[in-house]
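Please read the following notes with the sequence and the structure at hand.

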Amino acid sequence: MLLRRLTAGAAVAALSVLAAPAHAEGADTPPPGRITVDVVGVNGSGCPQGTASVSAASDNTAFTVTYSDYLAQAGAGSGGTDFRKNCQLALRIHVPQGFTYAIARADYRGFAHLQRGAYGQERANYYFQGMAQTARTTHQFSGPYSDNWQASDQTEYADLVWAPCGEERNLNVNSELRVYAGTSNPQALSFMSMDSTDGSVSTVYHFEWKECPAA
């Protein structure tokens with residue numbers, strides 16, 4: 001499945017991106033009724049139990065994942081495994097009968113403080129249970145940098161992978177943060193988080209919808 005990397009930049013400019021759902025021209029509008037998203041599995045050093053929550057948008061265009069303890073760091077005071085944190089969420093998405101969905105775009109957001117010479121990476125992919133994984137994309141941020149960060153992955157409509165009609169399969173959402181000290185002062189701390197200093201939205205997954213064929 002082909003993913004197109006979008007521009008990464010400060011989250012101040014990205015707030016409008018987070019608010020706008022991705023829809024291909026001519027695509028079906030969101031279905032009526034109410035979708036729900038349940039977390040059925042959590043695994044990874046970036047999302048200890050109780051630190052990740054999921055909520056669906058009231059207009060059925062997207063769902064949001066919020067993390068409260070997802071931070072990778074390198075440099076002063078860091079342990080040997082602190083440079084890499086990851087999280088895998090298994091989500092059960094209940095949709096109105098007769099409809100199916102795909103993930104059209106994912107917007108990731110957080111805060112980074114990177115010393116000169118250090119750099120951080122955000123990586124992510126997602127796939128349906130029992131189906132092939134999407135390509136894992138990597139967004140890199142280089143120091144000196146101390147600000148919110150934002151990155152987006154978008155899938156062309158022709159390359160969308162749809163949930164099988166009439167079946168309930170988990171959507172597995174994988175993400176990873178890495179921070180490397182590089183040539184920075186080893187006594188100086190660099191870090192990157194998958195949340196923000198003001199506690200606002202961190203990750204948004206935008207739906208694309210279509211009706212299932214008649215039985």
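1. Two strands are said to pair if DSSP finds at least two bridges between them. In this predicted model, strand β3 (residues 52-56) and β4 pair in the antiparallel sense, with five bridges between them.

2. β3 and β4 form a hairpin, and five residues lie between them. Asn-60, in the turn, has a positive phi of about 65°.

3. β4 also has a partner in strand β13 (residues 203-211): the two run antiparallel and are joined by four bridges. Here Thr-64 stands opposite Val-204 in β13.

4. Is strand β4 largely enclosed or open? Buried means under 20% relative accessible area. Of the six residues of β4 (residues 62-67), five are buried, so the strand is largely enclosed by the rest of the structure.

5. A separate point concerns the largest pocket, whose volume is about 270 Å³. It is lined by 18 residues, and those closest to its centre are Val-95, Phe-99, Pro-164, Gly-166 and Glu-167.

6. Which kinds of residue make up the lining of the largest pocket? Nine are nonpolar, five are polar and four are charged. Among the contributors to this lining are β6 (84-94) and β7 (99-114), each of which supplies at least two residues.

Terms used: Residues numbered from 1 in each chain as written. Predicted model: local features only at pLDDT ≥ 70, side-chain atom pairs only at ≥ 80, totals over all residues. Heavy atoms only, no water. 1 Å grid on protein atoms, 1.4 Å probe; cavity = no way out; pocket = protein on both sides within 12 Å on 5 of 7 lines; lining within 4 Å. Points joined across faces, edges and corners; volume = space filled by probe spheres on them. Nonpolar A, V, L, I, M, F, W, Y, C, P; charged D, E, K, R; others polar. Buried < 20%, exposed > 50% of the residue type's maximum accessible area, 1.4 Å probe, protein only.
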